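Visitor: I'd like to walk through a protein model with you. Could you show me the structure, and then let me ask about it?

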Amino acid sequence: MGADIAKKQKMAEEEIGIDGKLVMSVEKLQEIQDELEKINEKAGDEVLEIEQKYSHIRQPVYDRRNDIIKTIPDFWLTAFLSHPVLGELLTEEDHKIFKFLSSVEVEDSKDVKSGYTITFNFNPNPYFENTKLSKTYTFLEDGPTRITASTIQWMEGRGIPNGVALEKKGNKRPLAEESFFSWFSEVNQKDDGEDEEDMFLEIQDEVAEIIKDDLWPNPLTYFNNDPDEEDLEEEEGGDEGNDSDDDEDQDDEEDGDE
C-alpha cells in the first residue's frame, strides 16, 4: 500500500514538472511573439512614411498627366469602355455624359491607410450642375467602412438615366441596364450583417478598387486597347467585302448581255 502511494506521488510530481515546463515554454513563446509584433509595428510605420512620401512625389506628375489627357477627345470614355469590367457598367446615355468628363483623380487620405477619395471632374454639361463628383471611402478602426459621395444636382428633366437592356449586336457588348452614376448614390454602410447588404457593398468596393488600383495607375493601357474600334473595323471590312461581291455579280451580268 505504501509503495502505491509513493508511486502516485511521484507520478503527480512528474506531471506537475511537465505542466510547469509547458507553461514556461508558452510564456517564452509569447514573449517572442510580442517582440515580433513590436518589430512589425515599427516596420508598418516606416512603410507608411514611405508611402506618404511617394504619394506626395507622384501628385505633380499626375497633375501633368491630367493636363495632357484633357487635350485628348473622349479619353476617359474610351478608357472606361475598353476596360473589361467598367465598360459593362455604362449605359448609352452614360456614354454621352462621359464625353464631358475632363479628368479622374484618386487621392489617398493624409495617413494613406485610412481611406481614399475618387473624384470625377466635368466640363459644363446639360446633364447636371456639378463640376465634380466625388466618392470617399473611410476605413474605420472599430468596424464598417464609411462611404460618402456627392449628391448629383441633375438639370431639370434629367436624372439617373436608367434604361432597358439592349440586345447584343454582332461583337458589340450589350449596354448596361442601370446608369453608372447610380454608383454615387450607393453609400450604405455594412452595419447589419445581412447577406444582401454585404453583397451590395462588395460590388461598390469592387468598382472603387478597380478604378483606384487598375484604371487610375495607367489608363493609357486601356485607351490604346479599344475593342469598339476593332469591332467597327471588322464591320467596315465586312461591308467592303459585300461591295466587292456585288461588283463582280454586276460584271458577270454585263458579260452575259454581250
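Guide: What follows is a set of questions and answers on this predicted model.

Visitor: What percentage of the contacts with a separation of 6 or more comes from residues 24 or more positions apart?
Guide: Take the contacts in the protein whose partners have a separation of 6 or more. Residues 24 or more positions apart account for a share of 60%.

Visitor: And how much of the chain is buried?
Guide: The cut-off for buried is under 20% relative accessible area. Of the 258 residues in the protein, the buried ones make up 26%.

Visitor: Which element gives the most residues to the largest nonpolar core?
Guide: That core has 36 residues, and Phe 80, Phe 120, Phe 180 and Trp 183 have the most contacts inside it. Helices H1, H2, H3 and H4 and strands S1, S2 and S3 each supply at least two of its residues. With 6 residues, the element that gives the most is H2.

Visitor: Zoom in on Phe 180. Which residues does Phe 180 touch, leaving out those up to four places away in sequence?
Guide: Phe 180 is among the residues with the most contacts inside the core. Leaving out residues up to four places away in sequence, Phe 180 touches Phe 80, Leu 89, Leu 90, Asp 94, Phe 98, Phe 120, Val 207 and Ile 211.

Visitor: Is Lys 99 exposed or partly exposed?
Guide: Exposed requires over 50% relative accessible area, while buried means under 20%. Lys 99 has 48% relative accessibility, so it counts as partly exposed.

Visitor: Which residues are linked with Glu 93 in a network of salt bridges?
Guide: Glu 93 forms a salt bridge with Arg 158, the closest N and O atoms being 3.7 Å apart. Glu 93 lies in helix H3 and Arg 158 in the loop between S4 and H4, so this pair ties together parts 65 residues apart in sequence. The residues linked with Glu 93 in the network are Lys 96 and Arg 158.

Visitor: Lys 212 and Asp 213 also meet in a salt bridge. What is the relative accessible area of Asp 213?
Guide: Their side chains meet at 3.5 Å, N to O. Lys 212 counts as partly exposed at 22% relative accessibility. Asp 213 is exposed, and its relative accessible area is 52%.

Visitor: How far apart are the end C-alpha atoms of residues 22-53?
Guide: An unreviewed UniProt entry annotates residues 22-53 as a "coiled-coil region". In the model, that span is 100% helix and 0% strand. Its end C-alpha atoms lie apart by 46 Å.

Visitor: Last one: how much accessible area do Ile 32, Leu 36 and Ile 39 have together?
Guide: Ile 39 is in helix H1 and is partly exposed, with a relative accessible area of 48%. Ile 32, Leu 36 and Ile 39 form a nonpolar patch on the surface, and their accessible area together is about 260 Å².

Definitions and conventions
Residues numbered from 1 in each chain as written. Predicted model: local features only at pLDDT ≥ 70, side-chain atom pairs only at ≥ 80, totals over all residues. Heavy atoms only, no water. Core = buried A, V, L, I, M, F, W, Y, C linked by side-chain atoms within 4.5 Å. Buried < 20%, exposed > 50% of the residue type's maximum accessible area, 1.4 Å probe, protein only. Helix = DSSP H or I, 4+ residues; strand = E, 2+ residues; numbered from the N terminus. Contact = heavy atoms within 4.5 Å. Salt bridge = Lys/Arg side-chain N within 4 Å of Asp/Glu carboxyl O. UniProt positions renumbered as here; feature names shortened; annotations may be inferred. Patch = residues over 30% accessible without salt bridge, like charges linked within 9 Å, V, L, I, M, F, W, Y side chains within 5 Å. Areas by Shrake-Rupley, 256 points an atom, 1.4 Å probe, with all protein chains shown as cover.
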